[in-house]
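I opened this entry to look up a few side chains and their surroundings. The notes follow in the order I took them.

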Amino acid sequence: MAVRTTTDDVKAVMTAGRDYDTRRNPSLTPYVAAASSVVDRLVALAAERGLTITSEQATLVETWLAAHAHCMSDQTYSSRSTQGASGSFHGQTGMYLDGTKYGQMAKMLDPTGLLAKVAAGRTASADWGGLPASSWQTYDERNG
């Protein structure tokens, strides 16, 4: 499926939070592509489960996910100083979408509630991996 958001929309979200370097202007294309892939999976999973996510909602989620992906690779500052050249950074990679304010917002914008599960690779399914019922043995047959 085609991407839903634009790099300009992602820049606008991050610039408002002062988390995008407008001077160096790094490309956001890989982050938009990654977010689009996740939202494609989200939309498909929602449809399988009979849930609805509109194209506008999917676009918003994709925009905020792209900002999240960028900030996970280029951590945002929680504090900094200029002359002393020090800084502290937000987020931790093990926190999945909670690692940035953008990921948290993307989760909030997801009307299905499935985004957190998809992004963390935790969608539930089950298959029986045992023997067919025709080959089951009773307790006495196994231990007799």
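I count a polar contact as a pair of N or O atoms within 3.5 Å, where within protein one must be able to donate a hydrogen and the other to accept it. The model is predicted.

**H68.** I started here. H68 is found in helix α3. Is H68 buried or exposed? I count H68 as buried, because its relative accessible area is 8% and the cut-off for buried is under 20%. Next I checked its side chain for polar partners. I found a polar contact with the side chain of T100, at 2.6 Å. Leaving out residues up to four places away in sequence, I listed Y96, L97, T100, Y102 and G103 as touching H68.

**Y102.** I then turned the search around. With neighbours within four places in sequence set aside, Y102 is in contact with V13, M14, G17, D19, W64, A67, H68 and C71.

**The core.** I looked up the largest nonpolar core and found 27 residues in it. Which members touch the most others? They are V10, M14, L65, Y102 and L115. Two or more residues come from each of α1 (7-16), α2 (29-48), α3, α4 (101-109) and α5 (115-119). The most come from α2, which gives 8. I noted the general background too: in soluble globular proteins, nonpolar side chains tend to be buried together.

**L60.** My last stop was L60, in helix α3 (residues 55-73). I count L60 as partly exposed, because its relative accessibility is 44%. I also checked L60 against L109, which lies 49 residues away along the chain. Their C-alpha atoms are separated by 7.2 Å.

Technical notes: Residues are numbered from 1 along each chain as its sequence is written. This is a predicted model: local features need pLDDT of at least 70, side-chain atom pairs count only at pLDDT 80 or more; totals for chains, interfaces and linings use all residues. Side-chain values use heavy atoms; hydrogens and water are left out. Helices (H or I, at least four residues) and strands (E, at least two) are DSSP runs, numbered from the N terminus. Buried means under 20% relative accessible area, exposed over 50%, partly exposed in between (1.4 Å probe, protein chains only). A nonpolar core is a set of buried Ala, Val, Leu, Ile, Met, Phe, Trp, Tyr and Cys residues joined through side-chain atoms within 4.5 Å. Contact means heavy atoms within 4.5 Å.
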